[in-house]
Amino acid sequence: MTKKERVSEVCRVLDEMYGTGPIIYLEHENTWQLLFATILSAQCTDARVNIVTRDLYQKYPTIESFANADLAELEQDIHSTGFYHNKAKNIIACARRLLSDFGGEVPTSIEDLTSLPGVGRKTANVIRGNIYNEPSIVVDTHVKRISKRLGLTKKDDPTEVEFDLMKILPKEHWIRYNMQIITLGRTICPSRSPKCGECPLYDVCVSKGKF
């Protein structure tokens, strides 16, 4: 099977197993809530972030309220997500930049998004793909690990993985690939002891039998 054929089969199986609709695990009601939740999700589970944001977005219901938040108080509010000092500092700075430079709206371009404090390509692509429907590939630890196991990339740097996947995945699959792979990674293909015998991608995986 050629690499092109393997990619086509990977996409077909993922669509068959998880569907083609959007899957977003972070709870939100608008764009800026998803943006801040994604910042909070760094090195933290989505489940924990959702627990925190349910109260957080009641306490801080607007971008302005985050922009005016007390740093020490916000740190306590998000303490359980880890790395709370940097996250609180970035969220406050990000809220202020959204108000001063973007009229309180979350921008759409990768350049504008990554200019915001605390926003890298991963977070920017979450917003671009899931909110603005701009074809984007989000590379997190699951996507990097499983894409390497499938032989779709050999890279370790997330940005390099992103560009490798952009070259080989059909553009219409970019947005959903991330969430499909996250689901696969959480249930079947974790970093340790993957359940290869249960994996729907077993036949096209170049790493089968190596664990």
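## Helix α2 against α6

Helices here are DSSP runs of H or I, at least four residues, numbered from the N terminus. The axes of α2 and α6 (residues 84-102) come within 10 Å and cross at roughly 155°. That makes α2 roughly antiparallel to α6 (an angle over 145 degrees). Axes are lines fitted to C-alpha atoms over the stretch in contact, with angles from 0 to 180 degrees between N-to-C directions.

Leu-35, Phe-36, Ile-39 and Leu-40 of α2 meet Lys-87, Ile-91, Cys-94, Ala-95 and Leu-98 of α6. Contact means heavy atoms within 4.5 Å.

## Basis of the model

This is a predicted model: local features need pLDDT of at least 70, side-chain atom pairs count only at pLDDT 80 or more, and totals for chains, interfaces and linings use all residues. Residues are numbered from 1 along each chain as its sequence is written, and side-chain values use heavy atoms, leaving out hydrogens and water.

## Salt bridges

The count comes to 11 salt bridges (a side-chain nitrogen of Lys or Arg within 4 Å of a carboxyl oxygen of Asp or Glu). Glu-162 pairs with Arg-121, the closest N and O atoms being 2.7 Å apart. This pair links distant parts of the chain: Glu-162 lies in α10 (residues 158-168) and Arg-121 in α8 (residues 121-130), 41 residues apart. Glu-162 is buried at 5% relative accessibility; Arg-121 is partly exposed at 28%. Buried means under 20% relative accessible area, exposed over 50%, partly exposed in between (1.4 Å probe, protein chains only).

Note on methods. Helices (H or I, at least four residues) and strands (E, at least two) are DSSP runs, numbered from the N terminus. Angles under 35 degrees count as roughly parallel, over 145 as roughly antiparallel, 65 to 115 as roughly perpendicular and the rest as oblique.
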